[in-house]
Amino acid sequence: MMLFLLCGAIAALTLLWLLWLWAREARREGQPLRAPLLLAGVLAPLLGVLVYLGWGYHADTREWLEDYAALRPVAAELVAGQPPQALPQDIPPAALVRVLQRQLVMTPSREGWYALGLLYSQLGAPNMAVTAARKTLEVAPESVSARMLLAQSLIEEGEGRMNSEAETLLRGVVSEQPTHDGAWMLLGMGASQNRDYALAEQAWVELLSRHDEGEAAPVLRRSLAFARNQLANAPRFADVAIRVEVEGDVPPGGSLFVFLRDPDNPGQPLAARRVLAERFPVRVTVRGQDWLQPYPGADQELVAGARYSPRTAAGVDQSEFEAERVPFGGEETRVILR
């Protein structure tokens, strides 16, 4: 409120000063201002204020100005690389993000961009955290903390999956700092989501070599056991193929969906792939990236199936033909669309 009153007082004084200059110059020219002109000089700015308040005033402007006044010192400390001395405990991170962004426009710094990336990560906005982390790396390309922030944000942006850029960043960190636990942890988790169980096993073994007796040891052991179990089961599904044949009038050229699933679980299939069936019969190979869930154990029964629509853009729920599910038979399983 005080800020609005101050701005209003400054605007009023400025208006009076301008009117005085106008009247003075008019007298010098021998043409004194008439009352209607003076009244118009007062009413025109007032009309502009009314138009602004009616149509141009943003409801959040007051809140933004209050946040800026309260948090600007904190943002300045973050930009300068200093820990904030008096950060309120109940401060909304979104408010600090807005103020910090404004401060970075005026005085950009590596520390400020890094702090902004952390705040965006806290707010659950990984795409914005990626942008802030890239800004940090532009200033300090060798910064380990900035590379870690970018890798973590990329993984969060991919909902847990690790893309090639994130993996390259993390491998670079562990090559420079072989005992960097954070980088190994992200590698292990990202590799598990990517079904790269060899890399996941390497990460969990590395972490257990230093934390075998720590609080995290049970979780690390379970993660290592899971990775090794998946590696052991992977050869069984390395060259899985489903041969789809047809009976009756089934026109080719549409969307074919093949899948493997647990016969007792009606939910998401274990693996699924969609292809364009240009002709029948067709042999569809189920690849590693087609697995939606972990590899099942050797003693678990599986069934193979297929669904088909003659329309190329149809979804699986729009399929008009369906094959009877048959037991999974190793390298190639035959199903028949009807």
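Me: What share of the 338 residues in the protein chain do the buried residues make up?

Reply: They come to 37% of the 338. Buried here means under 20% relative accessible area, with exposed set at over 50% and partly exposed in between, using a 1.4 Å probe on protein chains only. Bear in mind that this is a predicted model: local features need pLDDT of at least 70 and side-chain atom pairs count only at pLDDT 80 or more, while totals for chains, interfaces and linings use all residues. Residues are numbered from 1 along each chain as its sequence is written, and side-chain values use heavy atoms, with hydrogens and water left out.

Me: How many helices and strands does the secondary structure come to, then?

Reply: There are 11 helices and 8 strands in the protein chain. A helix is a DSSP run of H or I with at least four residues, a strand is a run of E with at least two, and both are numbered from the N terminus.

Me: Why is Leu149 called buried?

Reply: Its relative accessible area is 4%, so Leu149 falls on the buried side of the cut-off. Leu149 sits in helix α7, and its neighbours, leaving out residues up to four places away in sequence, are Tyr114, Gly117, Leu118 and Ala133. "Touching" means heavy atoms within 4.5 Å. Leu149 and Ala129 are 20 residues apart in sequence, with their C-alphas 8.0 Å apart in space.

Me: What makes the largest nonpolar core a core, and which of its residues have the most contacts inside it?

Reply: The label goes to a set of buried Ala, Val, Leu, Ile, Met, Phe, Trp, Tyr and Cys residues joined through side-chain atoms within 4.5 Å. The largest such set has 59 residues, and Leu170, Val244, Leu256 and Leu337 have the most contacts inside it. Helix α7 (residues 144-157) gives the most to this core, namely 8 residues. A second, separate core has 21 residues, including Leu78, Leu100, Leu119 and Ala132.

Me: Which residues does Leu170 touch?

Reply: Beyond four places in sequence, Leu170 touches Met148, Ala151, Ile155, Met162, Ala183, Leu186 and Leu187.

Me: How do you know what span to expect of helix α5, and what does it reach?

Reply: The expected span is 1.5 Å times one less than the number of residues. Helix α5 (residues 110-122) has 13 residues and reaches 19 Å from first C-alpha to last, close to the expected 18 Å. Its buried residues include Trp113, Leu116, Leu119 and Tyr120. After α5 comes Gly124, with a positive phi near 75°.

Me: Why are α10 and α11 described as roughly antiparallel?

Reply: Two packed helices are described by the angle between their axes and the distance between the axes. For α10 (residues 197-211) and α11 (residues 217-233), the axes come within 9 Å and cross at roughly 155°. Axes are lines fitted to C-alpha atoms, for helices over the stretch in contact, with angles from 0 to 180 degrees between N-to-C directions. Under 35 degrees is roughly parallel, over 145 roughly antiparallel, 65 to 115 roughly perpendicular and the rest oblique. So α10 and α11 are roughly antiparallel to each other.

Me: Left-handed or right-handed: in which kind of crossing does α10 pass α11?

Reply: The crossing is left-handed, a term for a near helix turned anticlockwise from the far one by less than a right angle, with clockwise being right-handed. α8 also passes α9 in a left-handed crossing. Glu167, Leu170, Val173 and Val174 of α8 meet Ala183, Trp184, Leu186 and Leu187 of α9.

Me: Which residues does a cis peptide bond join?

Reply: Phe280 and Pro281, with omega at about -5°. Pro281 is in the loop between β3 (271-277) and β4 (282-285). Phe280 is also touched by Val250, along with Tyr308, Phe321 and Leu337.
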